[in-house]
Amino acid sequence: MQMELESLTKHTHLSLGLSYRLPDTFFKIVNFTPILRFVHNQAVAKTSEFDSELKHNNTQHKKYIFHYFIYYTCEILKKYNKKYKPVIFFDTTNELNLSYRSFLDVFSKKFPVIILQEACTFSSFKKRVKCDGYREEVCVVLTRKLKKNQSKSFYFNKLQYFCKKYELTFLDKTYFNDIRNKLSLL
């Protein structure tokens with residue numbers, strides 16, 4: 001899995017622009033569309049072993065989707081959390097993204113992450129942010145979301161219950177301690 005993650009970050013970083021630092025802020029916006037495309041391809045490959053198509057309401061398929069979705073999202077957010085606060089950019093005009101919106105909603109309730117949902121592509125967003133007024137508005141929204149996340153109590157035991165339900169074995173106590181110790185997502 002580590003090799004796949006490196007190929008994802010290299011490929012998307014060079015050709016698609018996976019991240020963008022919001023000027024004059026401490027936020028790093030991470031384009032989620034290539035990550036979702038990668039997660040989708042992984043889930044389709046895994047489910048094609050025993051089914052003809054990926055069904056989001058199938059229990060077994062959900063387990064695979066959650067596994068890839070959470071693993072790669074956490075790893076990408078940890079990778080981009082060096083000096084800046086990572087923010088997931090979710091393009092609501094992309095059809096594939098919309099099919100995974102329910103998984104993103106579950107993820108956002110379980111993990112302390114900041115998600116920015118916009119009805120434009122990542123490249124359009126980067127162009128819009130060049131306008132000082134729009135950039136200030138986005139900065140205020142993101143700062144409010146960050147403060148809200150920091151003021152909420154986050155309990156890893158609820159997340160561990162969720163992981164047991166979907167058999168997410170990689171999310172063990174060691175992984176949670178790593179996230180907690182490094183404050184990887186916030």
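Helices here are DSSP runs of H or I with at least four residues, numbered from the N terminus, and helix α2 is where Thr47 has its place. The close-ups below all come from a predicted model.

**View 1. Thr47, a buried residue of helix α2****.** Let's start with Thr47: its relative accessible area is 1%, and because buried means under 20%, Thr47 counts as buried. Its side chain reaches back to the backbone oxygen of Val44, at 3.3 Å. Setting aside residues up to four places away in sequence, Thr47 touches Leu54, His61 and Tyr64.

**View 2. Helices α2 and α3 packed together****.** The two helices meet at an angle of about 145°, and their axes are 9 Å apart. Their crossing is right-handed. On the α2 side, the contact is made by Ile35, Leu36, Phe38, Val39, Gln42, Ala43, Lys46 and Thr47. Facing them from α3 are His61, Tyr64, Ile65, Tyr68, Phe69, Tyr72 and Ile76.

**View 3. Helix α3 from end to end****.** With 21 residues, α3 spans 30 Å from its first C-alpha to its last, close to the 30 Å expected at 1.5 Å a residue. Look to the N-terminal end for the cap, Asn58, which places a side-chain oxygen 2.8 Å from the backbone nitrogen of Gln60. Since 17 of its 21 residues are buried, α3 is largely enclosed by the rest of the structure.

**View 4. The largest nonpolar core, with 35 residues****.** Phe32, Phe69, Ile70, Phe107 and Phe162 are the members that touch the most others. At least two residues of this core come from each of α2 (33–47), α3 (59–79), β3 (85–91), α5 (101–110) and α8 (156–165). For a closer look, pick Phe107: beyond residues up to four places away in sequence, Phe107 touches Phe69, Ile70, Thr73, Cys74, Ile88 and Val113. Another core, of 16 residues, lies apart from this one and includes Phe27, Ile114, Phe122 and Tyr134.

**View 5. Tyr84 in the loop between α3 and β3****.** Is Tyr84 buried, partly exposed or exposed? Its relative accessibility is 25%, so Tyr84 counts as partly exposed. Once neighbours within four places in sequence are left aside, its contacts are Arg21, Thr25, Phe26, Phe27 and Lys28. Do find Leu22 here too: Tyr84 and Leu22 are 62 residues apart in sequence, while their C-alpha atoms are 9.6 Å apart in space.

How values were computed: Residues are numbered from 1 along each chain as its sequence is written. This is a predicted model: local features need pLDDT of at least 70, side-chain atom pairs count only at pLDDT 80 or more; totals for chains, interfaces and linings use all residues. Side-chain values use heavy atoms; hydrogens and water are left out. A nonpolar core is a set of buried Ala, Val, Leu, Ile, Met, Phe, Trp, Tyr and Cys residues joined through side-chain atoms within 4.5 Å. Buried means under 20% relative accessible area, exposed over 50%, partly exposed in between (1.4 Å probe, protein chains only). Contact means heavy atoms within 4.5 Å. The expected span of a helix is 1.5 Å times one less than its number of residues. A polar contact is a pair of N or O atoms within 3.5 Å; within protein, one must be able to donate a hydrogen and the other to accept it, and residues adjacent in sequence count only if both atoms are side-chain atoms. Axes are lines fitted to C-alpha atoms, for helices over the stretch in contact, and angles run from 0 to 180 degrees between N-to-C directions. A crossing is left-handed if the near helix is turned anticlockwise from the far one by less than a right angle, and right-handed if clockwise.
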